[in-house]
Amino acid sequence: MEAFMDDGAALLQLLSAPGTAVFLDFDGTLVDLASTPDGVRLEPGVVEALALLAERHGGALALISGRPVAQIDAMLAPLVVPVAGVHGVERRGADGRFTVAATPDVSPVLARAQALAALYPGLLVEQKRGAVALHYRLAPQLEQLCLQEMTAAVQACPGILLLHGKMVLEAKPAATDKGGAIAAFMQETPFAGRRPVFAGDDTTDEAGFAYVQQAGGQGVKVGSGPSAATLRLASPGALRAALLAASVSPEGADDDN
Ligand SMILES: [Mg+2]
């Protein structure tokens, strides 16, 4: 069994420190997971805390999600921040420019996932730009069947790989990942030259942890399970507490001089 760890104090210090660039996953990191993707809700005060934290770091705060950018915008409205969506396939920089990576054809995977979901009503298929997610949270007994079907479907699609997340199997382009998305932000103003901190909870976030830690930054794993991140928080609630505390922390304002 994994030892309980809570590096909230260390994270608070990192988030408050001048020269930080903050990168955050959304589901299972900022918000608690729900039984369906539409069911998540932001706790009061989180959007305000993100706005304050973005301001104190000169706008160097971005969301790095598996959701499309438009969904993240809708969740955070009226706040608008830089976002990478669909694990890096979509990206909107601090200058507002929206870029989309070239993606291999994923339609055969979509067809197979939809055929399976037609047979089992507990399964939920999400179609995204260049990716397909099959959620089995409402039918966990179907995990093996879903894995078998999605593995076979992906094997027939060059350039597509299968990610096994929390109660979800996602076929996505092999060439784009969250590490690449964070690296692209780090080439741009206002992120460039800062120390990246990335918090995430799932398998898709491991590429982000690997990138930020090799770039001299810090990965923060939220929740249990093996991870390359060297800091860990018990839950999204612990991350929210650190964000709220960092947003009002008196020390470390870094952009007024
Ligand atoms: Mg997540």
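The model is a predicted one, in which local features need pLDDT of at least 70 and side-chain atom pairs count only at pLDDT 80 or more, while totals for chains, interfaces and linings use all residues. Residues are numbered from 1 along each chain as its sequence is written.

The chain contains eight helices and 12 strands; helices (H or I, at least four residues) and strands (E, at least two) are DSSP runs, numbered from the N terminus. The C-alpha trace spans about 60 × 40 × 35 Å along its principal axes. The radius of gyration of the chain is 18 Å, which agrees with the value near 18 Å for a compact globule of 257 residues; this radius is taken over C-alpha atoms, and the globule rule is 2.2 Å times the number of residues to the power 0.38. Of the 257 residues, 46% are buried. A residue is buried if 20 or more other C-beta atoms lie within 10 Å of its own, exposed if 12 or fewer, and partly exposed in between, with C-beta atoms placed from the backbone. Among contacts with a separation of 6 or more, 59% are between residues 24 or more positions apart; two residues are in contact if their C-beta atoms, placed from the backbone, lie within 7 Å.

Helix H2 comprises residues 46–56, and its buried residues are Val46, Ala49, Leu50, Leu53, Ala54 and Arg56. Seen down the axis of H2, these residues fall within an arc of 165°, so they line one face of the helix; the arc is that of the directions from the helix axis to the C-beta atoms. The elements that cover the buried residues of H2 include helix H1 (8–16), strand E1 (20–24), strand E2 (61–64) and helix H8 (236–248).

Four strands form an open sheet in the order E6-E7-E9-E8, with antiparallel pairing. Strands E6 (124–128) and E8 (160–165) stand at the edges with a single partner strand each, so one side of each is left without a neighbour in the sheet. From one strand to the next, the twist averages 15°. Two strands are taken to pair if DSSP finds at least two bridges between them. E6 and E7 run antiparallel and are joined by five bridges, and Leu124 has His135 as its bridge partner in E7. The hairpin of E6 and E7 has two residues between the strands, and Gly130 in this hairpin takes a positive phi near 75°. E7 also pairs with E9 in the antiparallel sense, over four bridges, and His135 stands opposite Val168 in E9. E8 is joined by six bridges to strand E9 (residues 168–173), and the two run antiparallel; the partner of Ile160 in E9 is Pro173.

Two helices contact this sheet. Helix H4 (residues 107–119) packs on the sheet and touches E6, strand E7 (131–135), E8 and E9, with a direction that makes about 160° with that of E6. Helix H5 (residues 143–155) lies across E7, E8 and E9 and runs at about 10° to E9. Axes are lines fitted to C-alpha atoms, for helices over the stretch in contact, and angles run from 0 to 180 degrees between N-to-C directions. Five of the five residues of E7 are buried, so E7 is largely enclosed by the rest of the structure. Both faces of E7 are covered, with Ala131, Ala133 and His135 buried on one side and Val132 and Leu134 buried on the other.

Some backbone geometries in the loops were also examined. Most residues other than glycine have a negative phi, and most peptide bonds are trans. A cis peptide bond with omega of about 10° joins Ala77 and Pro78, and Pro78 is placed in the loop between helix H3 (69–76) and strand E3 (83–85). Another cis peptide bond, with omega of about 5°, joins Thr189 and Pro190; Pro190 lies in the loop between helix H6 (178–186) and strand E10 (195–200). Val86, which is not a glycine, has a positive phi of about 45° and is found in the loop between E3 and strand E4 (90–92). Val86 counts as buried because it has 26 C-beta neighbours inside 10 Å. Met167, in the loop between E8 and E9, has a positive phi near 60°. With 17 other C-beta atoms within 10 Å, Met167 is partly exposed.
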